[in-house]
Amino acid sequence: MSEAVIQVIAWGIWETIYMTLVSTAISYVIGIPLGVILYITGEGGIRQNRVVNLIIGTIVNILRSVPFLILLVAIIPFTRFVVGTTIGSTATIVPLVVAAAPYVARMVESSLKEIDGGVIEAARAMGSSTWQMVWKVFLPEAKPSLLVGATISLATILGYSAMAGFVGGGGLGAIAVNYGYYRYQSDVMWITVALLVVIVQIFQEGGLKLVSKVDKRLR
């Protein structure tokens, strides 16, 4: 393997980590509020509102139902509008966020549903406002589950970023396609696959260790 290819792979690792972490961060900035709204407006929620829940839930479900590669191509005009281009790692962040934010919203909603009902009732009995319950009860109580969800989301978004390589998305996915598929350099393709596996394992192990530190039930 030439030094040039090694440099390309090193850059691909950086691009993959960059796309994954930035996309995950933005997805959670969008997904957490959506997940909270879905939870508190759902059946039995503290601000039950069937209309709001139905509208947001429908949008989330539709976006989650579209395969990532199709979504990536479908929103090319939007991607170009946001970042000015449709090629490269930065451009890939846009479809990654559009695909991942609804997924994160459902993960957050699921995590909040695991909160002990007694804790919620105690907070309501103390006269806590909606904002206080969300900020001081819901999110802190669901923190371990939210972190587990974030670990899963990282791995999912990493997989999405690799698929984006088929349309010039950059990162290890693009290297696997360009060298392994178009140039028939199977050794490069398998190296990128191995690196993707290693990165996923690092994310997962780091996430699980963080969960073990914040989960009061494990102490």
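Helices here are DSSP runs of H or I with at least four residues, numbered from the N terminus, and the expected span of a helix is 1.5 Å times one less than its number of residues. The model is predicted, so that local features need pLDDT of at least 70 and side-chain atom pairs count only at pLDDT 80 or more, while totals for chains, interfaces and linings use all residues. Residues are numbered from 1 along each chain as its sequence is written, and side-chain values use heavy atoms, with hydrogens and water left out.

Helix H5, residues 89–112, has 24 residues and reaches 33 Å from its first C-alpha to its last, close to the 34 Å expected at 1.5 Å a residue. Because 19 of the 24 residues of H5 are buried, meaning under 20% relative accessible area with a 1.4 Å probe and protein chains only, H5 is largely enclosed by the rest of the structure.

Turning to the pair, the axes of H6 (residues 117–125) and H7 (residues 130–141), which are lines fitted to C-alpha atoms over the stretch in contact, with angles from 0 to 180 degrees between N-to-C directions, come within 11 Å and cross at roughly 165°. H6 and H7 are therefore roughly antiparallel to each other, a term for angles over 145 degrees. Val119, Ile120, Ala123 and Arg124 in H6 meet Met133, Val137, Phe138 and Glu141 in H7, where contact means heavy atoms within 4.5 Å.

Finally, Thr16 is placed in helix H1, residues 3–40, and counts as buried at 1% relative accessibility. Leaving aside residues up to four places away in sequence, Thr16 touches Leu158, Ser161, Gly171, Leu172 and Leu196.

Technical notes
Helix = DSSP H or I, 4+ residues; strand = E, 2+ residues; numbered from the N terminus. Buried < 20%, exposed > 50% of the residue type's maximum accessible area, 1.4 Å probe, protein only. Parallel < 35°, antiparallel > 145°, perpendicular 65-115°, else oblique.
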